[in-house]
Amino acid sequence: MGSQIRFPLTINLLGLTLVLASMVSGCGASGSSSQAISPGASGTTLAVAGSSATTVRFNPQILRNFVDNVVVPSNNQFAQRADVLSGAIAAFTKAPNAQTLKNAQSAWVKARAAWEQTECFGFGPAESLGYDGSLDTWPINETDLKALIKSSDKLTAASVEKLKETEKGFHVMEYLLFGTDKSRQAKDLTPRELELLPLLGADFAQNANRLADAWSKGVEGKPAYRTVMATAGSSGNAAYPTVQAGAAQIIEGMLGSLGEVADEKIGKALEKKDSKLAESRFSFNTLTDIKHNVMGSQNAYIGTFADAKATSLGISSYVAQVNPALDQKIKQQFEAALTALDKVPEPFEKSISDPKATASIKAAQEAVNTLQNTLEKDVKPLLKSV
Amino acid sequence: MNPQFRLSTRQFPKVAILFAIAAIIAIGLAPLLTHRIDLQTQDLLAGGDTTVVNRTSLAFSQPAPNLTDKEVKLHKEGDRGFGDTFVTAPAPVNAGLGPMFNNSSCTACHIHDGRGMPTKGSLLVRVSLPPSQSNLAGQLTAANSGNNLHQSSLFESQAEASVSLGNAPPVPGLGTQLQDQAIYGLKPKATVEINWHEKTAVYEDGTPYQLRSPLIDIILPNGKPLPPGILTSARVPPPVFGHGLLEAIPEGDILALADPQDKNNDGISGKPNRVWDVRQKKLVLGRFGLKANNPNLFQQNAAAYVNDMGVTNPLFPEKNDTSEIDLKTLNAVTFYTQTLSVPGRTLINDPTTQKGEQLFTQANCAACHIASIKTGKHPVKAVANQSIYPYTDLLLHNMGEGLADGRPDFEASGSEWRTAPLWGLGLTQTVLPYSGYLHDGRARTLEEAILWHGGEAERSKEIFRTMAKTDRTALVQFLNSL
């Protein structure tokens, strides 16, 4: 990756030529729709409200930084915590007691925090190679799971690998570790459940590690997916033929995740006032999930990862150069969303149907929506013409 | 040239340079001037007013930008339905999976509203007995399983939406689709294993290429292979965006493109499929599905619910007329599939892309992959009266023995397939890396997909195979710009 990816001069020239051509023919591009989707014609020049036109170059290093400082370390942290969870489950099922159960539950919560932060870049191999489904399908198939536990079917690594996605992953482990209302004690688990759990933990850790490898090293004979995003705009990159597409991918991932938070994770539960629609209802962890989704988008925006010491270079850096006030506004809206979520009384699963908590939940939803709107209306147009 | 125009040798270099500059500008401007209209309409607005320029993994998942606020709400409701994972009843949420199924949510197969992979859960196999001998229309077996005695005696445990004109009779005990998963305690109809057969061929310039075709091993619950003689057809899920627009193309305009007898002698026929409309209880034009075997999105979605997930619905209900999802959900999901935007194109200013487009036309690809067409009336205003660029005629064409599944579907023969829309094609690997092309996902690259074309497309395929490498690259870059 020695050479810098620059916007080809020809594209800018073509853009310029196009403008000239419009003037010559006397029918310049009119109508907002054609201007809004003008592809790279404006080159790197951006008109900023309140100031004269500014020329800001989008540094493609932002894309490389996104994969290497955010995506890869986030996935690696998740894989490492999945290993810890698998180990804690094995220790618990070998010697079930209050302490070992507590350790396993806490390992689950930590793995969950890491996973939810990866949600805004859950594209690419996470979906194609089926990891997302195996790790985190909701709801669980309680009926089939109970039947399996009740049966005397042989439980092996191979049989667990073949289970339906609704019979494995985060929420099945959550169901077995926490019970349906977080009241589970070590003695409550049946021998069959104790037999199944470590197999689920190992299957989970294996998928988490494969996902991390798919980004950093490449799996199943495929190249590391980090390269696909990092080389956006270079010739031969069919997935991201332009730098714009790479930059847009970061923003779209954030919008997708924030939209899911506002519309589904909060919205649907609030609309139906039904705790059964809360995603991590067995562990009362839904609100924590949501906060980590927002934090994941924050990482993607700033271009850094919680524990990373590297200087951050992200979409934020670009926005700050073009429009510093907008960058500040977005950073504040991230903080505001997290603060509003902090004000929702725990457990979220009970607050959903508690009239006294409704205002705070709505305020949190509103704060996430506000952030989403800013990204959609103010940031996306900037990135269309980088 | 003016014969009086003379250049002195002294003036020559200066004038030549000026001339050269003028020529470069002229050459540069000419295509831009002639192409300018295209840039704003054809090239960018692939889906008319429903177009969104989004070249990311979520490119197929955007609501059309011309929906009203109320419609956006309905679209979002449909989006949730499309994403709902079904589980075995009884369950507090999303009960109704199975008893037999291929997968448990719409999105699990149509990942990010795009294709699926040729792997378990995504790839499905249709089966039927060899066609009966007598005439088709007289042999209409059923409208749906709910009132089909023949079917219901075979499937006590599951409703299956199966309509046939007698040329694809259900296989006793298997029906017309192999659900290779089942809820706990039941055995799936079959296990399906895919192996790939590789063969090598060469471009005219001597460059070798590999093509792979699937070898499908089907094992029945009794451990025996599927008896020989039963017709099978493997499919991967196609993308679902832009379908409202395809639904809104006036029937007459599609029929006008048809030339089943090839009367114009261009080697391209184009045949409409006539399929059973369950609600109207009559034969109508087929538009959706890889053999255009579904008439509209409501029926397409309802059939997918019941056949792919085992979820009964108001069109294909339980025997007692109840269903596992209600009409509101089915309508919302149908609306969702009608109102997903079409992605706008990319790299359209690139000369290689533009050259590729010319080559595409010259190779006669556009005879079936018709670039532009207009939509007409439609209950969903957003998709009505739009100029669109889907690159399909929605008609059936003989694609040759290499691609033939040998399984007829209504009027589609075993070697006929519906022209696949090409819009959004260049986003395939962005939305779902490593996914394949063609009906069973066999083609790993666009080159392979082209090289599989046979039958009516044999000549176009040969033009591609014998092109110079730079031309092949340009043509593929054009496809990737879609």
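**View 1. Where H12(A) meets H13(A) in the predicted model.** On the H12(A) side, the residues that make the contact are A:Ile250, A:Gly253, A:Met254, A:Ser257, A:Leu258, A:Val261, A:Lys265 and A:Ile266. Facing them from H13(A) are A:Ile290, A:Asn293, A:Val294, A:Gly296, A:Ser297, A:Ala300 and A:Tyr301. Sorted by class, this contact comes out at 9 nonpolar, 5 polar and 1 charged residues.

**View 2. How the axes of H12(A) and H13(A) cross.** Two packed helices get described by the angle between their axes and by the distance between those axes. Here, H12 spans residues 243-272 of chain A and H13 spans residues 286-302 of chain A. Their axes come within 9 Å and cross at roughly 165 degrees. Angles over 145 degrees count as roughly antiparallel, so that's what H12(A) is to H13(A). As for handedness, H12(A) passes H13(A) in a left-handed crossing.

**View 3. Chain B against chain A.** On this interface, 46 residues of chain B are in contact with 44 residues of chain A. Three elements of chain B each put two or more residues into its side: helix H1 (12-40), helix H2 (69-83) and helix H10 (428-431). The class tally for the chain B side is 22 nonpolar, 20 polar and 4 charged residues.

Technical notes:
Residues are numbered from 1 along each chain as its sequence is written. Chains are lettered from A and ligands numbered from 1 in the order in which they are written. This is a predicted model: local features need pLDDT of at least 70, side-chain atom pairs count only at pLDDT 80 or more; totals for chains, interfaces and linings use all residues. Two residues are in contact if their C-beta atoms, placed from the backbone, lie within 7 Å. Helices (H or I, at least four residues) and strands (E, at least two) are DSSP runs, numbered from the N terminus. Ala, Val, Leu, Ile, Met, Phe, Trp, Tyr, Cys and Pro count as nonpolar, Asp, Glu, Lys and Arg as charged, and the others, Gly among them, as polar. Axes are lines fitted to C-alpha atoms, for helices over the stretch in contact, and angles run from 0 to 180 degrees between N-to-C directions. Angles under 35 degrees count as roughly parallel, over 145 as roughly antiparallel, 65 to 115 as roughly perpendicular and the rest as oblique. A crossing is left-handed if the near helix is turned anticlockwise from the far one by less than a right angle, and right-handed if clockwise.
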